[in-house]
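Here are a few notes to read with the model open beside you. Take them in any order you like.

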Amino acid sequence: MRTGTTPRPPRRRRTLVLAFAAVAGLLSAGLVAGPALAARTAPAAPQSQSVVAASKSPAVAAAPATFTHPGVLVSRGQLDFVRAQVRAGAQPWKAAYDKMLASPYASLSRTPKPRSVVECGSYSNPNNGCTDEREDAIAAYTDALAWYIGQDHRYADKAVQLMDAWSAVITNHTNSNAPLQTGWAGSSWPRAAEIIRYTGAGWSSAGVTRFATMLRTVYLPKVINGSQSNGNWELSMMEAAVGISVFLEDRTSYDKAIAKFRGRVPAYIYLPSDGALPKAPPGGSIDTSAEIISYWQGQRTFTAGLTQETCRDFTHTGYGISAISHIAETTRIQGQDLYPEVGERLRQALGFQAKYQLGAAVPSSLCGGHLNLGLGPVTEVGFNALHNRLGIAMANTQQLTEQQRPAGSNNLFVAWETLTHADNAG
């Protein structure tokens with residue numbers, strides 16, 4: 001498949017939470033929730049200088065001096081919360097857990113299908129190991145979650161089997177979709193590896209070392225330098241690079257990936273504060289008005305939350321939004337927390353796409369009056385961070401998120417996010 005050629009916050013954070021909510025309210029553009037959500041919405045407050053500064057010229061944040069493990073997308077605290085909810089039979093977590101265990105990804109009879117060279121062309125044609133790799137990686141993450149939540153060691157063993165099988169064989173990704181394929185599979189592998197390695201699952205030292213070597217030599221070089229393709233490409237590649245860097249405790253690669261991420265997000269999601277036109281993608285040659293309009297699928301009217309791929313289709317837009325939320329979530333776990341920087345763009349993008357995914361009429365000024373829907377199961381992480389942790393009203397996103405529960409997998413790099421992130425403040 002090809003995605004284009006191109007508890008309550010701690011006291012020290014409450015001022016930030018309130019200020020963030022106030023800024024969000026000023027830019028809501030009709031996305032603020034009604035009275036039903038008022039009790040969960042942070043009250044208005046004057047704009048905080050720290051938030052305003054972060055949105056204009058944020059200081060460059062360095063990688064953590066000590067990495068937190070498990071710390072890719074889900075933390076130990078989040079996993080403990082989920083396990084407690086599932087054991088109590090609480091919803092929506094129990095239903096999400098049951099759905100996960102019933103999926104082919106959790107099958108204990110699954111046989112890994114590693115290849116030395118995974119070849120993926122445009123729209124995965126040819127598809128020589130592309131689907132197998134992505135799905136084995138998702139399966140390893142699925143098994144890791146099943147192991148920790150259910151404490152059934154068979155799932156830990158299956159995750160190890162899958163990771164060991166691939167690390168023993170794969171040497172390269174080739175053809176035109178290689179960077180994106182590497183990004184997708186490379187986003188799932190570290191999530192699985194972090195849980196298995198740091199929760200007493202019994203992964204051998206030799207297995208860990210070989211897997212780390214695979215990530216460093218086969219995956220990281222393909223994604224760390226980014227891509228000049230459509231925004232979802234580079235965002236997914238940076239998600240992989242960040243996750244891999246956490247597992248490897250590679251501070252240099254982490255910083256490089258975060259820098260690319262911070263440049264790409266403003267070029268992917270539009271805010272009126274950007275000016276009449278969206279920001280140009282960094283490091284490329286797209287800089288004139290005509291080139292930016294063409295890059296944004298010919299769209300000439302720009303509204304808060306529109307993305308560079310909205311007028312292409314919502315499916316690819318969902319890939320980009322999901323990667324943004326995943327990276328922000330990992331940075332939060334690692335003590336860096338980029339939500340204050342990217343949160344307003346993420347909130348607006350989620351709300352804008354959710355509005356139309358829910359059936360709102362499409363004006364002629366938006367993508368010629370026609371949208372290709374299909375956002376996918378990509379809203380839980382961002383919604384949880386912005387609405388549940390920070391108290392920001394997100395009516396459309398909330399409706400779509402709850403309507404889609406329990407969220408499953410997009411079979412690429414998104415999986416089981418109702419289970420891991422619904423109402424999860426950990």
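Which pattern do the disulfides of the protein chain follow, with bonded cysteines counted along the chain? It is 1-2, 3-4. Please keep in mind that this is a predicted model. The points below start with those bonds and then move on to a helix and some loops.

1. **The disulfide count.** Searching the whole structure turns up two disulfides. As a reminder, a disulfide is a covalent bond between the sulfur atoms of two cysteines. One of the bonds here joins Cys 120 to Cys 130, and another joins Cys 311 to Cys 367.

2. **Cys 120 and Cys 130.** The sulfur atoms of Cys 120 and Cys 130 are 2.1 Å apart. This pair links distant parts of the chain, with Cys 120 in strand β3 (residues 117-120) and Cys 130 in helix α5 (residues 130-150), 10 residues apart. The torsion about the S-S bond is about -125 degrees, so this disulfide is left-handed. Both ends are tucked away: Cys 120 is buried, with a relative accessible area of 1%, and Cys 130 is buried at 0%.

3. **Cys 311 and Cys 367.** In this disulfide the S to S distance is 2.0 Å. Its cysteines sit in loops: Cys 311 between α11 (289-295) and α12 (314-333), and Cys 367 between α13 (339-357) and α14 (380-389), 56 residues apart. With a torsion of about -80 degrees about the S-S bond of Cys 311 and Cys 367, this disulfide is left-handed too.

4. **Helix α3.** Have a look at residues 76-87, the 12 residues of helix α3. From first C-alpha to last, α3 reaches 16 Å, close to the 16 Å expected at 1.5 Å a residue. Which residues of α3 are buried? They are Gln 78, Leu 79, Val 82, Arg 83, Gln 85 and Val 86. Looking down the axis of α3, you'd find these buried residues within an arc of 165 degrees, so they line one face of the helix.

5. **From α3 to α4.** After α3 comes Gly 89, which has a positive phi near 75 degrees. The loop between α3 and α4 also holds Pro 92, and the peptide bond from Gln 91 to Pro 92 is cis, with omega near 10 degrees. How do the two helices cross? The axes of α3 and helix α4 (residues 93-102) come within 8 Å and cross at roughly 95 degrees, which makes α3 roughly perpendicular to α4. On the α3 side, Phe 81, Gln 85 and Val 86 do the meeting, and their partners in α4 are Trp 93, Lys 94 and Tyr 97.

6. **Backbone spots worth a look.** Most residues other than glycine have a negative phi, and most peptide bonds are trans. Against that background, check the bond from His 69 to Pro 70, which is cis with omega near -15 degrees. Pro 70 belongs to the loop between α2 (49-56) and β1 (71-72). Tyr 123 isn't a glycine, yet its phi is positive, about 50 degrees.

7. **Val 414.** Last stop: the loop between α15 (395-404) and α16 (417-421), where Val 414 sits. Val 414 is buried, with a relative accessible area of 0%. What does Val 414 contact, leaving aside neighbours within four places in sequence? The contacts are Ser 322, His 326, Pro 377, Val 378, Gly 408 and Ser 409. The C-alpha atoms of Val 414 and Ala 323 are separated by 9.0 Å, though these residues are 91 residues apart along the chain.

How values were computed: Residues numbered from 1 in each chain as written. Predicted model: local features only at pLDDT ≥ 70, side-chain atom pairs only at ≥ 80, totals over all residues. Heavy atoms only, no water. Helix = DSSP H or I, 4+ residues; strand = E, 2+ residues; numbered from the N terminus. Expected span 1.5 Å × (residues − 1). Buried < 20%, exposed > 50% of the residue type's maximum accessible area, 1.4 Å probe, protein only. Arc of directions from axis to C-beta. Disulfide = S-S within 2.5 Å. Axes fitted to C-alpha atoms, helices over the stretch in contact; angles between N-to-C directions. Parallel < 35°, antiparallel > 145°, perpendicular 65-115°, else oblique. Contact = heavy atoms within 4.5 Å.
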